[in-house]
Amino acid sequence: MERLLFAGIDEPGLDTLEVYERRGGYQALRRALQMTPEAVLHELEESELRGRGGAGFQMAKKASFLPKGSMDKYLCCNADESEPGAFKDRELMQKNPHQLIEGVVIAAWSAGINRAFIYIRGEYVLQADILDAAVAEAERAGYLGERILGSEHTLSLVVHRGAGAYICGEETALLDSLEGKRGNPRLKPPFPANQGLYQGPTLINNVETLSAVPHILAMGGADYARLGVANSTGTKVVSVSGHVQRPGNYEIELGIPSREIIYGLAGGPPEGRAIKCWFPGGSSAPVLTAEDLDLAYDFDSMAKAGSMLGSGSIIVIDDSTPIIDVALKVAKFYRHESCGKCTPCREGTNWTVTMLERIDAGLATPMDLDIMASVQDHIIGHCLCVLGDSMAMPIGSMIAKFRDEFEAHMEAARHSSPLGTAPPDTAPALIQGAV
Ligand SMILES: Cc1cc2nc3c(=O)[nH]c(=O)nc-3n(C[C@H](O)[C@H](O)[C@H](O)COP(=O)(O)O)c2cc1C
């Protein structure tokens, strides 16, 4: 398959306007500006492009929710990319910033938006500098600013460096952070399309979603929709990491077998190792096992298997790693990143880490696994945003799929740890933070 977003990605100088234009850059914008906003939106609708940031909501549908009229409307590109396992947006921004800028200008035209922001993860200093330079170049060339290329479209674009927290990738926390407040999620509804940045209607899309927009305009929405499979159209940049021989970003057509990505492209686990489990959509996706490798890699197949495609970040864990280590790593990340605004997430993530530490220290019983699984059920769907769910879903899946290993670990730890022989009522107090 021809690559779209990654076409020529390693060509030297692609981050400059000169090389980008030489490769046909900004032609899609010229085409879009000769069309009405409604016609551009229609192309996006035809493409059936689903958001690449996690939730998989159809991009054009979201854009169509913005009210018509001349009020101040905003576009926020979500470039926070803090999910463990995700690193595709970094490469897209670093190597091809104009592709994203062109996508932002076209998307803004389709929804009648005049002010746009790219909210970029604070640690992405190099990528933010590259974007700043590209925005300045685009302004000088008339692709941004007043009456773009002599059309009716005016757009300002500001690159805003983020505050250094995973929660700022959640769309409403992102808006608060952009407004200069602490990045905490807002209660929804109202949804950002109605009341977002500075209370104005706001379209929020991921870097990869917006980077696909020029290609949709260039090839036509219907042709784009022929790529991939039904309900998962187009291509996807997949970040593959963990126990694979060739970790990296790969652009694939949605719907190819997962095995082809993990073994074919990323080289599979190291020689002599087998896959224990894999996260198909970043650390917040329920884990799948080696039995699921022949599933098609698309939104619906991942959901049917009880997991999710999420941001398209595959993390592979081989049989050298105890599942308790994986669970602890995941739970500690979400505990650290919980903003603390809502109780199920704040208490649930902390409690889960404590329970996992008890299991690791040999102080738990098999009944604790049942309690822990039920706690995950109480977190899912009960938080202000899905950060709590993002821990509960993978942890719940590990308990369900690797219960035997958890129990065996508990038993072995109980026999080998001096704490394991302590009287049951005093032992919990011996580990820090035990409840
Ligand atoms: C805790 C949390 C972190 C998130 N982080 C990101 C992120 O870094 N980048 C992103 O695009 N979406 C992230 N999302 C999803 C956004 O809330 C939102 O759905 C997305 O930006 C919409 O863009 P899309 O429709 O193009 O996918 C996160 C969601 C949650 C709950």
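Glutamate 81 sits in the loop between strand S1 (74-79) and helix H5 (88-95). Its phi is positive, about 25°, although glutamate 81 is not a glycine. Glutamate 81 is buried, because 27 other C-beta atoms lie within 10 Å and 20 or more is the cut-off. This is a predicted model.

Asparagine 231, which is not a glycine, has a phi near 70°. Asparagine 231 lies in the loop between strand S5 (228-229) and strand S6 (232-233). Asparagine 231 is partly exposed, with 15 other C-beta atoms within 10 Å. Most residues other than glycine have a negative phi, and most peptide bonds are trans.

| Peptide bond | Omega |
|---|---|
| Lysine 188 to proline 189 | near -5° |
| Proline 189 to proline 190 | about 5° |

Proline 189 lies in the loop between helix H8 (171-178) and S4. Proline 190 also lies in the loop between H8 and S4.

Now the overall fold. The protein has 17 helices and ten strands. Its C-alpha trace spans about 80 × 45 × 35 Å along the principal axes. Buried residues make up 52% of the 435 residues. Among contacts with a separation of 6 or more, 71% join residues 24 or more positions apart.

The protein is divided into domain 1 (17-226), domain 2 (229-282 + 296-315) and domain 3 (323-430). The centres of domain 2 and domain 3, taken over C-alpha atoms, are 27 Å apart.

The largest nonpolar core holds 129 residues. Cys76, Cys77, Val104, Val105 and Trp278 touch the most other members. Helix H6 (residues 97-110) gives the most to this core, with eight residues.

Around the ligand are 24 residues, of which Gly51, Gly53, Gly169, Asn206 and Thr209 come nearest. By class, this shell has eight nonpolar, ten polar and six charged residues. Strand S4 (202-206) and helix H16 (387-401) each supply at least two residues of the shell. S4 gives the most, with three residues. Domain 1 (17-226) and domain 3 (323-430) both give residues to the shell, so the ligand lies between them.

Conventions:
Residues numbered from 1 in each chain as written. Predicted model: local features only at pLDDT ≥ 70, side-chain atom pairs only at ≥ 80, totals over all residues. Core = buried A, V, L, I, M, F, W, Y, C linked by C-beta atoms within 7 Å. Buried ≥ 20, exposed ≤ 12 C-beta atoms within 10 Å, placed from the backbone. Helix = DSSP H or I, 4+ residues; strand = E, 2+ residues; numbered from the N terminus. Contact = placed C-beta atoms within 7 Å. Near = placed C-beta within 6 Å. Nonpolar A, V, L, I, M, F, W, Y, C, P; charged D, E, K, R; others polar. Domains from an automatic or database assignment.
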